[in-house]
Structures are given as C-alpha cells and as structure tokens.
Amino acid sequence: MAKRLIPTLNRVLVEKISPPAKTTAGILLPEKSTKLNSGKVVAVGPGMRDTSGNHIPVAVKEGETVLLPDYGGMQVKLDDKEYHLYRDEDILGTLHD
C-alpha cells in the first residue's frame with residue numbers, strides 16, 4: 001500500500017541525497033569529503049497566513065534540490081523509505097547545476 005504524505009502549513013518533505021562512497025574508478029572516498037547535507041523536495045505544504053490574513057507561500061517547489069541544516073527536522077518513514085520534514089524557514093537554500 002503506497003502512502004502519500006502532504007505536509008501542513010509551511011512544512012517541506014525532503015528525501016536526503018546520499019553521496020557516493022567511491023568514485024567511478026573504485027577509489028573509496030572518506031566520509032568527510034562526501035558530506036554535503038542536501039536533499040530533494042518531495043512535497044510542500046500550502047504555506048502560512050500572516051496576522052493580516054495574507055497568504056505566504058512556501059519558498060521551494062517539488063523536485064528542487066535544497067541545502068539542509070546539520071541538525072533539525074523530523075525523520076519520517078514511509079514504505080521503507082526515509083524522509084525528513086522541515087519548516088520552510090529551516091531550509092538554507094536551493095542548489096542548481
């Protein structure tokens with residue numbers, strides 16, 4: 001049974017990207033050199049409302065690659081896959097090629 005989690009308010013569901021442990025030539029990389037805390041946005045909430053009632057949309061969109069803080073977020077497991085739930089303001093930025 002497939003589950004779909006739709007975040008509420010300004011929350012963002014992220015699947016963390018695990019960096020490769022070795023190069024294409026087979027050289028093993030140390031853990032410190034491969035550490036970039038990034039992830040792919042899987043789902044976003046509808047956003048928040050300010051005190052005047054105006055809608056404040058979430059800053060990221062589904063499919064974007066984002067830079068994440070070292071700590072924070074909530075771990076969620078769905079169908080044997082691990083995701084993390086962050087608030088919109090906790091995401092540090094987007095990564096582009």
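This is a predicted model: local features need pLDDT of at least 70, side-chain atom pairs count only at pLDDT 80 or more; totals for chains, interfaces and linings use all residues.
Q: Let's start with the fold. How many helices and strands does the protein chain have?

A: Begin any reading with the list of elements. The protein chain here has 0 helices and 8 strands. Going from the N terminus, the order is β-β-β-β-β-β-β-β.

Q: And which way do S1 and S7 run relative to one another, parallel or antiparallel?

A: For strand pairing, look at the direction and then at the bridges. S1 and S7 run antiparallel, with 4 bridges joining them. To find your place in that pair, go to leucine 13, which sits opposite leucine 85 in S7.

Q: What does S1 do with strand S2?

A: S1 and strand S2 (residues 38–44) also pair in the antiparallel sense, over 5 bridges.

Q: What about burial and surface for the whole chain? What percentage of the 97 residues is buried?

A: Buried residues account for 27% of the 97 residues in the protein chain. The accessible surface is about 7,200 Å², and carbon and sulfur atoms own 54% of that.

Q: Take one residue, then. Is serine 38 buried or exposed?

A: Read the percentage against the cut-off: buried means under 20% relative accessible area. Serine 38 has 8% relative accessibility, so it counts as buried. Serine 38 belongs to strand S2. Leaving out neighbours within four places in sequence, the residues in contact with serine 38 are Lys16, Ile17, Thr65, Val66, Leu68 and Leu95.

Q: Which residues does methionine 74 touch?

A: Methionine 74 is in strand S6. Apart from residues up to four places away in sequence, methionine 74 touches Tyr83, His84 and Leu85. For histidine 84, 10 residues along the chain from methionine 74, the C-alpha atoms are 5.3 Å apart.

Q: How do I read a salt bridge, and how many does the structure hold?

A: The general idea is that side chains of opposite charge can pair when their charged atoms come close. This structure holds 1 salt bridge. Lysine 81 and glutamate 15 form it through their side chains, at 3.5 Å from N to O. The pair links distant parts of the chain, with lysine 81 in strand S7 (residues 81–87) and glutamate 15 in strand S1 (residues 11–16), 66 residues apart.

Q: Why do lysine 81 and glutamate 15 count as partly exposed?

A: Partly exposed covers what falls between the buried limit of 20% and the exposed limit of 50%. Lysine 81 has a relative accessible area of 40%, so it is partly exposed. Glutamate 15 is partly exposed too, at 26%.

Q: What does the side chain of glutamate 89 contact?

A: Glutamate 89 sits in the loop between S7 and strand S8 (93–95). The side chain of glutamate 89 makes a polar contact with the side chain of asparagine 10, at 2.9 Å. Glutamate 89 is exposed, with a relative accessible area of 54%. Glutamate 89 and alanine 59 are 30 residues apart in sequence, with 8.5 Å from C-alpha to C-alpha.

Q: Last one: which residues make the nonpolar surface patch?

A: Leu9, Met48 and Ile56 make a patch of about 240 Å². Isoleucine 56 belongs to strand S4 (residues 55–56), and its 42% relative accessibility makes it partly exposed.

Technical notes: Residues are numbered from 1 along each chain as its sequence is written. Side-chain values use heavy atoms; hydrogens and water are left out. Patches are made of residues with over 30% relative accessible area and no salt bridge: like charges are joined within 9 Å, nonpolar side chains (Val, Leu, Ile, Met, Phe, Trp, Tyr) within 5 Å. Accessible areas come from the Shrake-Rupley method with a 1.4 Å probe; for residues, only the protein chains shown count as cover. A salt bridge is a side-chain nitrogen of Lys or Arg within 4 Å of a carboxyl oxygen of Asp or Glu. Helices (H or I, at least four residues) and strands (E, at least two) are DSSP runs, numbered from the N terminus. Buried means under 20% relative accessible area, exposed over 50%, partly exposed in between (1.4 Å probe, protein chains only). A polar contact is a pair of N or O atoms within 3.5 Å; within protein, one must be able to donate a hydrogen and the other to accept it, and residues adjacent in sequence count only if both atoms are side-chain atoms. Two strands pair if DSSP finds at least two bridges between them. Contact means heavy atoms within 4.5 Å.
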